[in-house]
Amino acid sequence: MEKLIIAGAGPAGISAALYAVRSGITPLIIHKGIGALEKAAKIENYYGLPDPVSGQELYENGLKQIKALGVPVVEDEMLSVEYDGDYTIHTITSTYQTKSLILATGTKRNTLALKEARRYEGSGISYCAICDGFFYRQKDVAVIGNGEYALHEAKVLEPMAAKVTILTNGMEPTFEKEALGTIQVETRKIISAGGEPTLKWLELENHEKFPLDGLFVALGTAGSTDIARKLGLMIENNHIMIETDTSTALPGLFAAGDCTGGLLQVSKAVYEGALAGTKAVKYLKKLPEAV
Amino acid sequence: MAMVFDEKNFKSEVLDSVVPVMVDFWATWCMPCRMLGPVIEEIAEESKGAYKVGKVNVDENPGLASSYGVMNIPTVLVFKNGKVVEKSVGVVPKGQLLNLLK
């Protein structure tokens, strides 16, 4: 059992780790490589950098800095998180347990680009296989996505549904194909969706209709917002709603950086990360089995 | 406290109710439902007879969920005069749920 796990190694995650380790708790960082910083050719609007550095350089410096303090860093992809008093984190290669968790994996740029998406939310489109798979017993469902996260959601649905198809929407599948089992894969692009009163078909790029009863969204990797939504936290405009001290409705769970919305800036991520790291340590020190 | 609605009492308690009824469709294994639960209880506590609030366990009452097109949980429906007048899916702020009763 870990005391504190930080998901994400951008400005928010690394700052959280810095403040936690300085307060006496060595966290474990789980991350999946560089995030939004990769696209920043130059960081010009951050304090104290007269000669701008690239996002890549800032990210690498952050990792170097935290490793120098003895903080363990694991490169892996988070797939799901469960809460039962402690947090259980499933990644592609392992399972971790922790008393406290800071979500700082940034915000996803890829959302479901289907104009009918909003109309079918609650009547055929779902963001949570484990919550809503129940309603699709012996029905045909699809998962939209092309990574391990999509495969994970498809696997949750496989025992319940009659048929599960992963729709990669024109993208190359990046998941382990050996693990598919009875799950099918459709790589053609999706143009539109329809059905009355609930979702009944998708139109593929050659105008062929793909019949289905439910569509589960699992684009890209399981981001902080996906994880938070499944834990029952409030989400607004695809961002996690946090208190001013970065805490959430779940004890010991904090969120920081781009995943909480607002200014998508390094400065804001650093601030929230610092706060989350400090608050997580405070939370841990108040636990009955104080650390 | 929020009432418990099931296939037996749904007609008398919900459909035939003279006051609006808020119905929370949920399941024990659904984490977002467990997070919304206390909010539903708070709304129930504050009703003072102006409306009713109850929960339907979809595991025990799959027929009710399917009759009302519930395909995600938590889903909150508001019934007036036996008809669904409002629907809310997912974990939402308390104020948003209270607005459904207005």
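These legends walk through several close-up views of a predicted model.

**View 1. Chain A as a whole.**
Along its principal axes, the C-alpha trace of chain A spans about 55 × 50 × 35 Å. Of the 291 residues in chain A, 53% are buried. Among contacts in chain A with a separation of 6 or more, 57% are between residues 24 or more positions apart. The accessible surface of chain A comes to about 13200 Å², and carbon and sulfur atoms account for 51% of that area.

**View 2. The disulfide of A:Cys128 and A:Cys131.**
Over all chains, the structure holds two disulfides, and this view shows the one in chain A that joins A:Cys128 to A:Cys131. The two sulfur atoms lie 2.3 Å apart. The angle about the S-S bond is 65°, and the link is right-handed. How buried are the two partners? A:Cys128 has a relative accessibility of 7%, so it counts as buried, because the cut-off for buried is under 20%. A:Cys131 is buried as well, with a relative accessible area of 2%.

By contrast, A:Cys259 is in no disulfide, and the nearest cysteine sulfur, that of A:Cys128, is 18 Å away. A:Cys259 is buried, with a relative accessible area of 0%.

**View 3. An open sheet of five strands in chain A.**
In which order do the five strands of this open sheet lie? In chain A the order is β7-β14-β8-β9-β10, and the pairing is parallel. The edge strands are β7 (125-126) and β10 (184-186) of chain A, each of which pairs on one side only. Strands of a sheet pair through backbone hydrogen bonds, either parallel or antiparallel. Looking within the sheet, strand β8 (residues 140-144) and strand β9 (residues 163-167) of chain A run parallel and are joined by five bridges. As one point to find in this view, A:Ala142 has A:Thr165 in β9(A) as its bridge partner.

Is A:Thr98 buried or exposed? With 0% relative accessibility, A:Thr98 counts as buried. Leaving aside residues up to four places away in sequence, A:Thr98 touches A:Met1, A:Glu2, A:Lys3, A:Leu4 and A:Ile5, and also A:Asp86, A:Tyr87 and A:Ile89. The side chain of A:Thr98 reaches the backbone nitrogen of A:Leu4 at 3.5 Å. A:Ile25 is 73 residues from A:Thr98 along the chain, and their C-alpha atoms are separated by 13 Å.

**View 4. A:Thr198, in touch with both chains.**
Next comes A:Thr198, found in the loop between β11 (190-194) and β12 (201-204) of chain A. Its relative accessibility is 15%, so A:Thr198 counts as buried. Which residues does A:Thr198 touch, not counting residues up to four places away in sequence? They are A:Tyr120 and A:Ser123 from chain A, together with B:Met71 from chain B.

**View 5. A:Leu231 and its neighbours in chains A and B.**
A:Leu231 is buried, with a relative accessible area of 0%. Not counting residues up to four places away in sequence, A:Leu231 touches A:Val81, A:Glu82, A:Tyr83, A:Leu250 and A:Leu253 in chain A, and B:Met31 and B:Met35 in chain B. One of these, A:Leu250, is 19 residues from A:Leu231 along the chain, and the C-alpha atoms of the pair are separated by 8.4 Å.

Definitions and conventions
Residues numbered from 1 in each chain as written. Chains lettered and ligands numbered in written order. Predicted model: local features only at pLDDT ≥ 70, side-chain atom pairs only at ≥ 80, totals over all residues. Heavy atoms only, no water. Disulfide = S-S within 2.5 Å. Buried < 20%, exposed > 50% of the residue type's maximum accessible area, 1.4 Å probe, protein only. Pairing = 2+ DSSP bridges. Helix = DSSP H or I, 4+ residues; strand = E, 2+ residues; numbered from the N terminus. Contact = heavy atoms within 4.5 Å. Polar contact = N/O pair within 3.5 Å; in protein donor to acceptor, adjacent residues only side chain to side chain. Areas by Shrake-Rupley, 256 points an atom, 1.4 Å probe, with all protein chains shown as cover.
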